[in-house]
Amino acid sequence: MTTTTSPSAAAPFGRALCAMITPFTATGALDLDGAQHLADKLASEGCDGLVLSGTTGESPTTTDAEKAALVRAVREAVGDRASIVAGVGTADTRHTVELALEAEKAGADGLLVVAPYYSRPPQDAVEAHFREIADASGLPLALYDIPGRTGTRIEPDTMIRLAGHPRIVAVKDCAYDLLGTQKVLARTELAYYAGCDEYVLALYAIGASGYISTVANVAPRQFRSILDTFDAGDTAEAAHCQQRAVPLIELMMSSGLPGTVTAKAVLGALGLPAGPVRSPLRPADRETVDGLFAAYEELVSAR
């Protein structure tokens with residue numbers, strides 16, 4: 001498993017992580033060959049780690065068997081060149097434990113566990129949920145805080161308590177709460193990963209460990225350059241790297257379409273493994289694809 005460090009924080013899964021899409025064949029079946037090809041490319045172009053079966057990986061519409069097969073295939077493709085973090089979070093604690101154990105058997109290095117969604121449990125129940133999962137597996141666990149999708153926040157005070165568990169080591173932060181993030185960073189050793197691409201540099205500059213990026217599916221080198229230039233002490237160039245990515249970030253993540261749809265659109269236009277999205281998601285239309293690809297080309301050609 002890759003382990004690197006930034007000047008400000010330990011990075012248990014590496015600094016530059018991609019929330020990888022799950023490639024499907026034209027008929028909608030899991031494309032393991034395509035997943036291996038894409039994973040190899042991402043690892044070769046600067047991704048320290050790959051997060052599988054997250055939101056971008058269409059976890060709601062992949063089976064438990066597909067999730068485990070994906071981990072095994074990607075591990076075979078990347079070896080120890082990149083860490084593998086398996087998304088195992090569900091609304092059911094027992095099911096999440098089952099997925100965690102299967103991911104461990106399949107060769108994952110860590111787990112990404114989202115707050116239980118839809119049922120909106122209170123904070124003591126949220127805390128108990130994470131503790132049960134962390135107790136069940138030997139793998140390090142990253143909390144995934146994305147209340148805009150789950151309807152349930154992992155409150156900063158809850159994170160501070162959970163940080164005392166030896167296997168709860170990180171947070172994927174999609175809460176848009178900069179004050180809360182700083183509160184947890186100041187009082188724990190949890191490694192924070194920016195889960196919103198527009199916040200990569202902002203969080204890194206205040207002590208985060210790196211990012212888990214959807215846009216890195218299509219621009220891994222460009223996103224890694226944000227961290228690398230900051231680490232080299234060129235903060236002005238790091239800001240320029242972040243700013244140059246804004247048009248693509250906006251189109252991929254803030255245009256009304258899920259990042260899964262937009263990432264697959266760009267990858268498909270590049271001739272890389274992606275395939276269709278599974279229902280209820282729908283593919284991007286031609287006009288949207290053209291706009292995404294134009295923004296992609298502008299970013300990768302920038303100097």
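I take two strands as paired if DSSP finds at least two bridges between them, and I take helices (H or I, at least four residues) and strands (E, at least two) as DSSP runs numbered from the N terminus. This is a predicted model, in which local features need pLDDT of at least 70 and side-chain atom pairs count only at pLDDT 80 or more, while totals for chains, interfaces and linings use all residues. Residues are numbered from 1 along each chain as its sequence is written, and side-chain values use heavy atoms, without hydrogens and water.

**Barrel.** I looked up V85 and found G110 in β6 as its bridge partner; strand β5 (residues 83-87) runs parallel to strand β6 (residues 110-114), and 3 bridges join them. I then followed the order β3-β4-β5-β6-β7-β8-β9-β10, in which 8 strands close into a barrel with parallel pairing.

**Helix pair.** I checked helix α12 (residues 259-269) against helix α13 (residues 286-300), which pack at about 75° with their axes 9 Å apart, where axes are lines fitted to C-alpha atoms, for helices over the stretch in contact, and angles run from 0 to 180 degrees between N-to-C directions. That makes α12 roughly perpendicular to α13, a label for angles of 65 to 115 degrees. In contact terms (heavy atoms within 4.5 Å), T262, A265, V266 and A269 of α12 meet V289, L292, F293 and Y296 of α13.

How values were computed. Parallel < 35°, antiparallel > 145°, perpendicular 65-115°, else oblique.
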